[in-house]
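Subject: Structure handover

Hello,

Here is the structure for you to look over. My notes on it follow below.

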Number of protein chains: 4
Amino acid sequence: MARLLEELPPRVALVEIARDFHARGWMSGTAGNLSVRVDDEHFWITASGKPKGRLDEDDFLLVRVKDGAVAEKRRATDKPSAETSIHAALYRLFPEARAALHGHSVEGVFAARRAKKGAKAFRLPPVEMLKGFDVWQQNPKVDLPLFENTLDVAKIAKEIEARFRKAPPAVTALMLRDHGPTVWGASLQEAYNRFEILDFLLRVAARV
Amino acid sequence: MARLLEELPPRVALVEIARDFHARGWMSGTAGNLSVRVDDEHFWITASGKPKGRLDEDDFLLVRVKDGAVAEKRRATDKPSAETSIHAALYRLFPEARAALHGHSVEGVFAARRAKKGAKAFRLPPVEMLKGFDVWQQNPKVDLPLFENTLDVAKIAKEIEARFRKAPPAVTALMLRDHGPTVWGASLQEAYNRFEILDFLLRVAARV
Amino acid sequence: MARLLEELPPRVALVEIARDFHARGWMSGTAGNLSVRVDDEHFWITASGKPKGRLDEDDFLLVRVKDGAVAEKRRATDKPSAETSIHAALYRLFPEARAALHGHSVEGVFAARRAKKGAKAFRLPPVEMLKGFDVWQQNPKVDLPLFENTLDVAKIAKEIEARFRKAPPAVTALMLRDHGPTVWGASLQEAYNRFEILDFLLRVAARV
Amino acid sequence: MARLLEELPPRVALVEIARDFHARGWMSGTAGNLSVRVDDEHFWITASGKPKGRLDEDDFLLVRVKDGAVAEKRRATDKPSAETSIHAALYRLFPEARAALHGHSVEGVFAARRAKKGAKAFRLPPVEMLKGFDVWQQNPKVDLPLFENTLDVAKIAKEIEARFRKAPPAVTALMLRDHGPTVWGASLQEAYNRFEILDFLLRVAARV
C-alpha cells in the first residue's frame, strides 16, 4: 500500500478508491464517478457505465475543464460519466481542487430528506468530525449545499456554478437530493478523507 | 481479478458471486441460489444445501430451461436448488436473460412488509439509483413485483410465469415476501450490478 | 480455503470460525466461546480470556462431557471458558451434536428484550430463512428458548439441561438474555451455518 | 498475524490497530489518535493530520508523560496529535496504563446524546459484555464518564485529570460528547479488546 494516495499514479489511485467505495456500498452497480485533475485545463474522469469494483486504468477519459469536451480516450467506445459537467464546473469554480469524488449512499438520501423540498442547504451536525473540513468553531453552524436531482445533469452543473460563484460553500462538498454526495479536495487524499468524513456526518444527520 | 464477470468461466463467476454475497449477508447458511444460462435450452444452477461461502465449480447442476429437468450433475448425490423452477420460468419468460441471482436480506424482508398482505407489487423509492435498471424518468414511479412465499415453490414459479406473460415487470427483478429478492440480467455482470442496486433501493424502502 | 469446515483439523476450524465471528462483531474483546466434540466423551473448548480474532491451535482445552473436567491443556496456565458447563450440558443432552458456538450480538440483545421478563422463549419471525433449521411449515410458529443471564453459569447450565430433558427445543439453538446466542449442530459446518441463520432471524426479530 | 498485539513492536502494533479501526469506521479521514507508553516517562502518539488507514512506523512522536512535550520526532514537520494532552493526563493518572486509543463513532455520538446536557456520566447497559471491563456484578450499574467537547483540548485534559484524581472511573474508558470514546488498558491488547467492547456497549446504549 502506498503511504498516501498522491504517491500512486492518478488513475491507479482512482481505481483503488473506486474498489474501496464500492466495497463500502457507495458505488453500487455502476453508480458514482471519480475524477482527478492533471493540469489547469484537464482532468481524468471515469467512463460511463462501468462497475466500480472492477475498474482498470483504461476506464477513464481525459476531459477539458473549460467545456467538458473529451480530449483523450483509452477505449474507442467509452463515453465520459453522465455527470462530467458537474466535475468540470467544480474545477472551474475551485482552481485549487485536484480531485472530485461522487457516490451514492442510503444514509445520504435520508439525511437530505430531512431538509424541506426546495431547501438550498441543510445543517451538518455539530460534532468533532467537522474539523476534518477545517471547521474550527465552538458550536459549529455549518450547512451542506443541497441541489435538487433532475434528469438534466447539465442544468444541475449550471446551478452549482451559479450558486457557488455568488457564495462559495463552507465545506468542499455538496449533496444531490435522492442521489448522493460529491466531495472535492486539494489532493486525492484530502478528497478521499473528506468523503469519509461527510459520510460520518450524514450518518449522524440521518438519525438525529 | 477479472475485469468483468463475463471474462471468467461461468461457474467460476458464480462461485465468486456466491462468496461475495455470503460475505454481505445475502446468503446466510445455505440460503440463496444462483444460475447462469449456457445456451437457449440449459442453465447451470447451484446444488441444494451448500454453504454459499464455500462453493466450488462442481457444486452446480446443468438443468433444462424447458422443464427444469437435470441434464448433468458433477456430484452423484447432488440435487438442484429447491428454487430451480423459478429460474427455469425466468429463462423461459426472458430469452435475453443470461443469469439469475437469488438471495435473502433483512432489509428486503422489511421493505416488503410495508406492502399490504396480498399486494402484487410495491413502489421503489424515486432515487437516482433506479437508473441502474434503465429507468430514465423525472419522478420515477416504478413497482417491484411481489409474490407471496409458500412451501410449494413450483406454485410460485407458475404464478411468476403467468403474471409476467401478461405484463412484463418494469425492472428485471422480483421480491418474495418474507424471503428475498431475485434479479436477472442480460449478462452475469448486469445481474450482479442490479442485485446490488436493488439492495440499495430496498434499504431505502425499508426505512422510508 | 477448505471446501467445508469438516475438512480442516477441528481446532484449526475453530480458529477460522473465531476469526470470522470476531470480524463480524460476534466476539468483541475476548467474548464468546467455541467447542468441537472429538469423541463421545470429550470436546475441545476455547481457553478463557483470549482475544478471539487472534487464537491459535493451542488456545483450547480438552474437556470431559460427563462433568466438564479438564482432560488436557496445551498451555499450563490456561483455563477453560467460563461457560464450559453449558457446552458440556449440550453434549450430554444431544449425542448427535458435534460442535457448539456461542457469541454476543447487539441485535440478539434487542431481539431478546422484546420478550417479557421471565419468558422462557420468544417467537422467531416466520421467514424463509427458518428452513435452515429444518423447519418446513407453511406459517411457521417456532420459538427460541430463552434463559435469564446470571453470574452463576453452572446454574444456567443446569436449567438448560433440566428444561431440554423435558422437552427438546424446536431449533438447535438458545438465547441468553442480555448476552447472546448459542447454536449447536451435527457438524462444525452445520453449527456455523445455523449461527449465521439465527443471526439473520434475530436481526429481523429485533426490528419487527 | 502476531498472536497478541504485545508481540509486535509497539508502533507496528499501533499501525495495525489504526488500519483496523479505520476499516471499521472509527477513524474516518484523519480522525482519532493512538498512543503506547514505552517507559514511565514517555509514550509514542500518532502525528496530527494523518489518514489513519495509511500510517507507517514513522507517523509517531515520542512525548513526555509529565507535560506532553515532544521528546523525539521521526519526521521534521510532524506535530503530535491535537489531543496529546488527554493521553498524557491518562498516563499520569494511571501508572499501569500502557496504551490509550481514541476514535469517533456514530453510535457513540447517539449513546452520549441520551445523557442530559452537562451530565458527568451515563449508565452503560447491563449486558454480559461488561465483564470485558472486569465488572462482575449480578445487575451491573456502571457509568461511563462523560465530558463536554470543546475546542480547548487542554481544558478537557485538565477536567479529566481533576475528576479522576478525586474518583477513578469504574471502567478504563471515557466518552467525549459529540466526539467519541477513549479507552486505555494495561496492555495494547487489553486497550484494543476494551475499545471493541465499549463499542458494543455504545451500540446497545444508542438504541435502548
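A word on terms: axes are lines fitted to C-alpha atoms, for helices over the stretch in contact, and angles run from 0 to 180 degrees between N-to-C directions. Helices (H or I, at least four residues) and strands (E, at least two) are DSSP runs, numbered from the N terminus.

This is a predicted model, in which local features need pLDDT of at least 70, side-chain atom pairs count only at pLDDT 80 or more, and totals for chains, interfaces and linings use all residues. Residues are numbered from 1 along each chain as its sequence is written, chains are lettered from A and ligands numbered from 1 in the order in which they are written, and side-chain values use heavy atoms, with hydrogens and water left out.

**Helix pairs within chains**

Start with chain A. Helix α1 (residues 10-23) and helix α5 (residues 188-207) of chain A have axes that come within 11 Å and cross at roughly 10 degrees. α1(A) and α5(A) are therefore roughly parallel (angles under 35 degrees; over 145 is roughly antiparallel, 65 to 115 roughly perpendicular, the rest oblique). From α1(A), Pro10(A), Ala13(A), Leu14(A), Ile17(A), Asp20(A) and Phe21(A) meet Leu188(A), Tyr192(A) and Phe195(A) of α5(A). Contact here means heavy atoms within 4.5 Å. By class, the α1(A)–α5(A) contact has eight nonpolar, no polar and one charged residues. Ala, Val, Leu, Ile, Met, Phe, Trp, Tyr, Cys and Pro count as nonpolar, Asp, Glu, Lys and Arg as charged, and the others, Gly among them, as polar.

Now chain D. Helix α2 (residues 84-93) and helix α4 (residues 153-166) of chain D pack at an angle of about 15 degrees, their axes 8 Å apart. α2(D) and α4(D) are therefore roughly parallel to each other. Residues making the contact include Ile86(D), Leu90(D) and Leu93(D) of α2(D), and Ile156(D), Ile160(D) and Phe164(D) of α4(D). The residues of this α2(D)–α4(D) contact divide into ten nonpolar, one polar and three charged.

**How the chains are arranged**

A rotation of 90 degrees, with 0.0 Å of shift along its axis, superposes chain D on chain C (RMSD 0.0 Å). That is the relation of a four-fold axis. In chain D, the C-alpha nearest the axis belongs to Arg24(D), 7.4 Å from it. Copies are superposed by least squares on the C-alpha atoms of residues with pLDDT of at least 70 in both. Chain D also superposes on chain A by a rotation of 90 degrees with 0.0 Å of shift along its axis (RMSD 0.0 Å).

Which chains do not touch? Chain A and chain C do not, with their nearest C-alpha atoms 15 Å apart. No contact joins chain B and chain D either; their closest C-alpha atoms lie 15 Å apart.

**Interfaces of chain D**

With chain A, 29 residues of chain D contact 26 residues of chain A. The buried area is about 2,200 Å², and carbon and sulfur atoms give 55% of it. Buried area is the accessible area (1.4 Å probe) that two parts lose on being put together, summed over both. In chain D, Arg54(D), Phe110(D) and Leu151(D) lose the most area to chain A, together 33% of what that side buries.

With chain C, 26 residues of chain D contact 29 residues of chain C. About 2,200 Å² is buried between chain D and chain C, 56% of it from carbon and sulfur atoms. In chain D, Arg3(D), Glu128(D) and Arg207(D) lose the most area to chain C, together 30% of what that side buries.

Best wishes
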